[in-house]
Structure formats: structure tokens, C-alpha cells
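Here is my note on the structure you sent. Please keep the 3D view open as you read.

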Amino acid sequence: MSPVARRDAEPGGSAEKQNTPEFDVVIVGYGPVGQLTARLLGGRGWRVGVVERWPEAYKRPRAVGFDDEIARILAAAGLTRQFPYFSEPAPDYEWRNAAGQTLLYYNRRRIGASGWPQVNRFHQPHLEQALDARVRELPSVQVRRGHEATELADLGDLVEVTVRGPDQQHYTLRAAYVIGCDCANSFVRERMRTSVTDLGFFFDWLIVDVIPHDPWPQINLQICDPARPTTLVSGGPGRRRWEFMRLSGESVEDLNRPETAWQLLKPWNLTPDNATLERHTVYTFQARWADNWRDGRLLLAGDAAHQMPPFAGQGMCSGMRDAANLAWKLDLVLRETAPLTLLDTYTSERRAHVQHAIGDSIELGKVCCVTDPGAAAARDEAMLKADARPELALPPIPPAILGPGLLHSSPDGQLVPPAGHLARQGWVRAPDGRTGLLDEIVGTGFHVMAMADPRPHLSVGQRDFLASIGTRLIHMAPPDQLTPEDARRAGLDTVGDLDNVLRDAGHAAAIVRPDFYLYGTAASLTDLPELVDELRAGLARTTR
């Protein structure tokens with residue numbers, strides 16, 4: 001592939017504009033990450049063009065799991081009522097050895113920190129239908145299926161995308177930015193100046209999706225049997241998924257046959273008489289990421305930026321976090337509220353988070369993908385001593401926090417905890433009696449959350465700045481301390497109780513970003529103005 005044509009000038013510089021873009025953003029690829037990105041940007045009013053080379057959505061399952069953070073993101077995108085249609089909570093996840101002994105046990109019966117079930121199993125075609133419906137409600141978004149991007153030209157102040165339509169005729173779209181959400185073999189990535197880090201962790205697995213004709217129990221198992229490592233999980237309401245590792249000496253062709261799938265399902269008492277084989281395919285798991293997710297006006301998200309083994313269930317989740325991180329930053333840049341260099345923090349923040357997810361997946365894969373009986377016996381002996389507790393059975397893995405970026409940092413550039421951590425979402429009550437999750441009551445965007453009314457502690461200029469980036473000022477207090485006057489105050493939402501993590505740590509206020517990550521916290525309300533000033537300065541002079 002030839003590299004993308006470009007000018008030497010940095011986008012946003014003084015070069016005279018050559019054309020007027022018809023779109024603010026063109027998204028290449030319309031899987032769930034492309035759909036979510038289109039929804040988040042179009043929901044902010046931006047003109048979004050989507051080109052997808054396939055004329056119809058893929059009708060078979062692929063990803064099957066998302067966590068409570070992604071549920072919060074999807075709820076913010078307007079999908080709350082559709083959850084029962086495409087997903088069901090997965091209350092636990094157990095890893096067993098060949099003898100049926102429990103090696104690891106994950107109890108996910110409690111609501112997660114983001115206010116939703118910790119793990120949810122889903123049917124991807126139904127999720128995509130729901131997302132597509134929300135996208136097509138937006139008048140500023142155009143979706144073009146059966147249209148394939150064939151060339152890119154970054155002209156410095158805009159990008160020209162050459163597209164081949166269903167009639168094989170070519171035409172050109174002009175956009176301020178192009179986002180590649182076009183899977184592992186990304187057309188956009190191949191035209192960017194970026195290297196790829198590959199950890200060389202490869203395994204072939206047969207993926208088998210089944211619709212049992214009779215109700216099946218909610219079972220989520222990883223069977224660490226050296227004779228055939230196997231996964232069994234829910235594939236969403238009414239569906240189940242099996243994954244079987246390819247063994248030495250087996251060919252991909254022999255493994256990827258319906259007869260082989262039915263033979264492997266036979267011990268589970270599933271046959272063509274009592275189940276429908278929805279899909280079978282051999283998939284090669286990989287562990288790699290692009291080293292830079294932005295080159296000029298070209299950006300990457302989802303599998304175009306990273307791929308990982310499935311054992312932690314974070315592949316699609318990571319792509320949706322990309323969309324949530326990128327959308328609000330592009331919004332500020334397009335509104336000229338922040339410099340274009342803010343987009344560099346997209347790579348630095350998200351890449352660190354993705355590396356954690358990939359590392360977690362690899363460590364779990366090392367537990368499962370053992371085919372030597374002696375090595376498996378040694379593994380079992382060591383893990384059984386840990387009493388099925390993951391924190392004891394697995395090597396320590398760094399916490400899932402963002403890397404350096406637009407976050408509260410020390411003078412030497414180190415994040416000041418808990419900056420970069422995911423903010424919690426609790427169930428709250430407003431003074432007018434409404435109850436619900438925080439996002440339902442006060443909406444999404446930047447939040448200043450404080451134990452008392454934060455406005456008296458902020459100058460007019462600081463309040464004007466916060467208003468310019470769509471910030472909600474939220475007084476968090478025990479409900480019995482609220483008055484009707486609090487509810488009537490313009491610009492102030494008064495709800496529930498402050499995030500217990502912040503309260504227990506002695507913090508009096510926090511700034512939460514639109515992607516639900518903590519920008520930073522203040523030990524007292526007198527420290528809040530300095531935190532606000534730091535955020536304003538960071539948006540004015542963002543650097544990597």
C-alpha cells in the first residue's frame with residue numbers, strides 16, 4: 001500500500017485552507033466501535049460521514065462480553081432500554097482443570113463500580129442493530145454501506161477520502177478528520193506513519209456459536225484441560241459459545257468443519273437435533289498494538305489500533321473506551337476550545353490502558369493454553385494452593401489506569417492518584433424526588449462533584465471556563481441535608497452522596513471527564529480552584 005499523501009505543515013497551522021470540508025469527521029468502518037464513535041460525535045452535532053465496504057451488517061456473533069464500564073458508555077449513548085434485547089448479566093466465571101477442580105473463580109454477582117453488572121454477555125448482531133438505530137436518528141450523520149475507502153490524502157487542513165461506491169464509480173469526501181475503525185487489517189492504519197508492537201502471542205481457536213432449542217443454564221467456564229483447552233460462555237440471551245484450542249498436528253481446515261464442531265459439542269449433549277450451529281470459524285488470537293494512534297488528521301480506534309487474546313473479555317471493550325476517550329476530545333478541538341495537540345493525549349492515555357488489558361489477557365491465556373500434561377499438573381498444583389483467588393493465583397498486573405495525558409499531574413509529569421482512575425457511578429436521589437444512576441439524573445459531560453456547593457469557591461472566570469466545556473457543578477450531600485432552594489439554584493445539580501471512594505480517601509471534590517475518568521481530586525474545596533486552573537491550562541497548551 002502506498003503511504004498517504006500529505007503536506008509538511010502540521011494540521012491547524014497557518015497554511016491557507018485549500019477546501020471546505022463537507023464533514024467534520026469521516027469514519028472508515030461501521031462495526032460497534034465505528035457505530036459508537038458516530039453516535040457520540042453525531043450526538044454532539046458534528047457532521048459525520050461513515051463509509052463501510054460491506055453492504056450489510058455481519059449477521060453472526062463475534063465479541064460476546066462487555067463490562068460495567070462499557071454498559072455505562074452504551075447507556076450514555078441511549079441504549080439502556082435495549083439491554084435485555086442483546087445482553088444478559090454473567091454472574092460468575094470459573095476456571096477448572098481436567099479433573100473439574102476450580103483453579104480460579106470470579107464472583108461477579110455485585111453491581112460494578114460503573115453502576116451496571118460487572119460482566120454482561122451479548123449477541124453482537126443485536127447490539128449493532130441497536131447502535132445503528134441510535135446513529136440513524138441523528139440528522140448530521142450519513143452512513144454509506146457498500147462504499148469502500150480506497151485512498152487518503154492529508155492536505156494539512158483537511159483530509160480527502162477517495163471512495164468507491166457500489167456502482168464501482170469513485171468519488172471524494174472531504175473531512176477535518178478521519179478515524180479508522182476498520183478492524184485488524186486497517187486501511188487507515190496502513191496509510192499512517194506508525195509502527196506496531198507485536199508480543200508474538202498466537203494461538204488458533206475454533207469458535208462455535210450455538211442456539212440450543214431448549215433453555216440452557218447460565219454457565220461461564222474456562223476448562224484448562226491439556227487434552228483440549230475449552231471455553232464455554234453465554235453468547236447473549238438464548239445463545240451459547242464454545243471455543244476449542246487447536247492442538248499440535250491439527251490443521252485449520254480439519255478443525256474448521258461443521259462435523260468437527262458437532263463432534264466437539266457431543267460431550268455437552270448438543271446435536272443437530274437439539275441445537276442450531278449458528279457459526280463456526282477458526283480465529284487466531286494476537287497481542288499487538290499500534291504505537292501511535294494519531295498521524296496528522298488520521299486517527300485509529302478499536303481493532304485498527306490494537307488486538308488482544310479474548311481471555312479477559314476486553315477486545316471490543318477497549319475499542320469502545322477508545323471511542324469514549326476520542327469523542328469528547330475531538331469535540332473540544334472541533335469547537336476550537338482546545339488545541340489539536342489534545343488529540344496526542346488520546347494515544348498516550350489509551351495505549352497504556354490497552355497494554356494493561358493485553359497483559360491481563362496474556363497472563364490468563366498462559367494459564368489456559370497449556371497442552372503439556374506435566375506442565376499442566378504443575379500449574380494445577382500451584383494454583384490450587386491459591387484457593388481459587390485470582391489475586392493470589394496470577395502474577396501481579398498493574399492497575400487499569402490511563403497513561404499520561406490530560407490528567408492532574410505533578411510537576412515532573414507523574415499522575416497524582418486517583419487521577420486516571422475510573423470514577424464510580426452510584427444510585428442517587430435529587431431534591432425533587434427523582435432517583436436513578438448519576439448519569440440519568442444529571443447527564444454526562446464534565447462534572448465537578450463536591451461535598452458542598454462548589455460555586456462560592458470558584459471565580460467568575462473559572463465558572464465561565466467550566467461552562468464553556470459543558471461542565472455540570474454537582475453538590476453531593478446526604479439527601480436529608482438538601483433543601484428545595486438547592487434544587488432551584490441555576491447551574492447546580494444537587495444529588496445523593498459523594499462517590500464513596502473519594503469520601504473514604506478524604507477528598508472533598510473531584511473533576512470527572514466525559515469518558516468517566518477522574519481528571520483529579522481536591523482534598524478540600526479551597527484546593528478546587530487550583531485544580532480547575534490546571535485543567536484550563538492543560539486544555540490551552542496540551543502536550544504529549
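1. First, a caution. This is a predicted model. Please read every point with that in mind.

2. Start with helix α12, residues 460-468. Which of its residues are buried? They are Gln-462, Phe-465 and Leu-466. These three span an arc of only 95° around the axis, so they lie on the same side of α12. Now turn to the other side of α12. There, Val-460 and Ala-467 are exposed.

3. Gly-470 follows α12, and its phi is positive, near 75°.

4. Next comes a sheet. Strands of a sheet pair through backbone hydrogen bonds, either parallel or antiparallel. Here the sheet is open and has 3 strands, in the order β13-β19-β22, and the pairing is antiparallel. Two strands form the edges: β13 (196-198) and β22 (306-307). Each has a single partner strand, so one side of each has no neighbour in the sheet.

5. Look at one pair within that sheet. β13 and β19 (residues 288-290) are joined in the antiparallel sense over 3 bridges.

6. Helix α8, residues 344-368, lies across β19 and β22. Its direction is at about 170° to β19.

7. Helix α2 (residues 68-76) packs with helix α7 (residues 315-334). The angle is about 45°, and the axes are 10 Å apart. That angle makes α2 oblique to α7. The crossing of α2 and α7 is left-handed. Which residues meet here? From α2 come Glu-69, Ile-70, Ile-73 and Leu-74; from α7 come Cys-317, Met-320, Arg-321 and Ala-324.

8. Finally, the second pair: helix α1 (residues 32-42) and helix α4 (residues 124-135). Their axes come within 9 Å and cross at roughly 20°. Angles under 35 degrees count as roughly parallel, so α1 is roughly parallel to α4. The crossing of α1 and α4 is left-handed. Contact residues of α1 include Pro-32, Leu-36 and Arg-39. Those of α4 include Gln-124, Leu-131 and Val-135.

Technical notes
Residues are numbered from 1 along each chain as its sequence is written. This is a predicted model: local features need pLDDT of at least 70, side-chain atom pairs count only at pLDDT 80 or more; totals for chains, interfaces and linings use all residues. Side-chain values use heavy atoms; hydrogens and water are left out. Buried means under 20% relative accessible area, exposed over 50%, partly exposed in between (1.4 Å probe, protein chains only). Helices (H or I, at least four residues) and strands (E, at least two) are DSSP runs, numbered from the N terminus. The arc is that of the directions from the helix axis to the C-beta atoms. Two strands pair if DSSP finds at least two bridges between them. Contact means heavy atoms within 4.5 Å. Axes are lines fitted to C-alpha atoms, for helices over the stretch in contact, and angles run from 0 to 180 degrees between N-to-C directions. Angles under 35 degrees count as roughly parallel, over 145 as roughly antiparallel, 65 to 115 as roughly perpendicular and the rest as oblique. A crossing is left-handed if the near helix is turned anticlockwise from the far one by less than a right angle, and right-handed if clockwise.
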